[in-house]
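Visitor: I would like to learn how to read salt bridges in a protein model. Please take me through some cases.

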Amino acid sequence: VSREGAVATIKMTRASTGNPVDAQFVDDLDRAAATIHDDRDVHVVLLVSEGDVFSTGTPAGSAPPLANGALPFRALELMAQPVIAVVDGAATDAGCELALACDLRVAGAGASFAMPQIAGGAMPAGGGTQRLPRLIGRARAAEMIMLGETLDARAAETCGLVNVVATETDGARAAAERMAARIAAQGPLAVRYAKEAIGRGLDMPLDQALRYETDLTVILQTTADRAEGVAAFLERRPPRFTGE
């Protein structure tokens with residue numbers, strides 16, 4: 001875990017073994033998420049990988065480390081800050097499910113996404129059967145999961161799995177850093193409340209979700225950042241947010 005300004009980076013560093021999603025990784029990720037969550041100076045998070053793959057997922061022949069009662073990758077969704085997955089190369093198996101748990105996904109031109117567990121007599125155990133339909137729709141998700149279909153970066157963008165596909169000359173990391181800089185320049189409390197409203201609202205009936213959004217808006221109206229935003233608009237100057 002590292003930090004530069006308001007942007008924190010979680011880097012997967014076991015490239016020699018495909019950045020596996022094993023028990024060690026899950027424990028490390030939970031600790032990293034807990035540390036960043038409590039850092040008020042961090043406004044946005046990048047999830048990146050070393051090597052030529054994002055993650056090959058659960059090692060072959062191993063039981064999914066997430067099948068122990070813990071909710072798969074929930075720590076990323078419950079972090080106060082939005083998380084951007086920077087996907088270079090293949091995101092396979094639980095590696096693809098890891099990317100799904102992030103708020104935004106930026107793919108390199110050569111990125112790919114696949115959940116081939118069915119072919120081995122298993123099924124996605126990292127939240128893929130739940131997050132993927134919520135993201136790209138039930139029919140497309142069923143096709144990807146039940147046929148083990150691999151999507152390249154452009155196909156993933158077309159169906160809504162990926163937000164941005166970087167050019168070959170630009171690169172996913174550079175594109176994601178620009179996105180992170182734009183988010184970090186916004187009101188940090190507003191960004192946090194918006195993430196919370198989106199994430200929790202999806203699991204509520206619409207009427208309840210609308211009330212939840214209103215409640216968060218009322219709380220935000222009482223903050224110094226909201227007052228600063230109004231003052232900056234009236235004075236025609238950039239806002240100076242403090243996260244309070």
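**Reading salt bridges**

Guide: Start with one pair. Arg173 and Glu177 form a salt bridge, with their closest N and O atoms 3.0 Å apart. Keep in mind that this model is predicted.

Visitor: What lets side chains pair like this?

Guide: Side chains of opposite charge can pair when their charged atoms come close.

Visitor: Where do Arg173 and Glu177 lie?

Guide: Both sit in helix α7 (residues 172-184). They are four residues apart, about one turn of the helix.

Visitor: Which residue meets Arg154 in a salt bridge?

Guide: Glu157 does, at 2.9 Å, N to O. Arg154 is partly exposed at 47%, and Glu157 is partly exposed at 29%.

Visitor: Which parts does the salt bridge between Asp39 and Arg3 tie together?

Guide: First, the contact: their side chains meet at 3.2 Å, N to O. Asp39 is in the loop between α1 (23-37) and β3 (44-49), while Arg3 is in strand β1 (residues 2-4), so the pair ties together parts 36 residues apart in sequence. Asp39 is partly exposed at 23%, and so is Arg3 at 46%.

Visitor: Which residues are linked in a network of salt bridges?

Guide: Arg74, Glu77 and Arg131 are.

Visitor: How many salt bridges are found in the whole structure?

Guide: The search finds twelve.

Key: Residues are numbered from 1 along each chain as its sequence is written. This is a predicted model: local features need pLDDT of at least 70, side-chain atom pairs count only at pLDDT 80 or more; totals for chains, interfaces and linings use all residues. Side-chain values use heavy atoms; hydrogens and water are left out. A salt bridge is a side-chain nitrogen of Lys or Arg within 4 Å of a carboxyl oxygen of Asp or Glu. Helices (H or I, at least four residues) and strands (E, at least two) are DSSP runs, numbered from the N terminus. Buried means under 20% relative accessible area, exposed over 50%, partly exposed in between (1.4 Å probe, protein chains only).
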